[in-house]
Amino acid sequence: DLTSNVALNTARTIAANADRSLGGLIVIQIGLGVAGLTVSLLLALALVAATRRRTAHFRSIVSASTDLVFVFGDGRCRYVSDSVTTTAGARPADMLDDSYARFVHPDDLDAVRMAATRARPAQLVFRMSNQFDEWRHLEAHVSDLRGDRHVRGVVMNARDVSDRLMNDWRSRP
């Protein structure tokens with residue numbers, strides 16, 4: 001009996017110590033999980049804030065420019081600058097996705113779409129309708145920024161050269 005009681009008490013002591021150790025491990029695991037989640041959330045918030053700052057910086061630079069800026073992703077227009085919407089007399093939503101096509105002259109649309117998807121040619125001249133339904137000639141520089149993790153698209157930076165082209169045409173003999 002004595003040996004049996006000693007063995008039972010020893011087993012109970014070992015089990016109680018194991019329960020306490022296991023409980024301590026569970027508390028440590030919960031604490032580490034909460035700490036990891038907190039760190040992940042803080043890093044995500046910092047990433048969102050940095051992305052917003054970069055986007056705001058890009059938009060402020062583009063907004064201050066008189067150039068007409070289009071950003072295309074997968075051939076669809078993802079962004080137009082204020083100068084584009086002012087020239088076209090449209091809202092930004094009227095120019096996004098494939099809606100920009102209705103402002104581009106039908107004869108120039110294939111070239112613009114090719115530039116928007118392939119970033120080639122590097123420069124092109126196309127016509128775009130303005131707010132008075134006049135065709136304006138735009139000279140565009142096309143930049144392939146699909147590999148840039150901040151842009152991930154094709155940027156078309158254009159200027160209205162209609163007056164220059166008209167003067168060149170008039171000065172011909």
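Predicted model: local features only at pLDDT ≥ 70, side-chain atom pairs only at ≥ 80, totals over all residues.
A salt bridge is a side-chain nitrogen of Lys or Arg within 4 Å of a carboxyl oxygen of Asp or Glu. Residues are numbered from 1 along each chain as its sequence is written, and side-chain values use heavy atoms, without hydrogens and water.

**View 1. Glu-139 meets Arg-164 in a salt bridge.** The N to O distance is 3.4 Å. Glu-139 lies in strand β4 and Arg-164 in helix α4, 25 residues apart. Helices (H or I, at least four residues) and strands (E, at least two) are DSSP runs, numbered from the N terminus. Glu-139 is partly exposed, at 32% relative accessible area. Buried means under 20%, exposed over 50%, partly exposed in between (1.4 Å probe, protein chains only).

**View 2. Arg-136 pairs with Asp-160.** Their closest N and O atoms are 2.9 Å apart. Arg-136 is in strand β4 and Asp-160 in strand β5, so the pair ties together parts 24 residues apart in sequence. Arg-136 counts as buried, at 18% relative accessibility. Asp-160, at 36%, counts as partly exposed.

**View 3. The largest nonpolar core has 27 residues.** Such a core is a set of buried Ala, Val, Leu, Ile, Met, Phe, Trp, Tyr and Cys residues joined through side-chain atoms within 4.5 Å. Phe-70 and Met-95 are among those with the most contacts inside this core. Helix α3 gives the most, with four residues.
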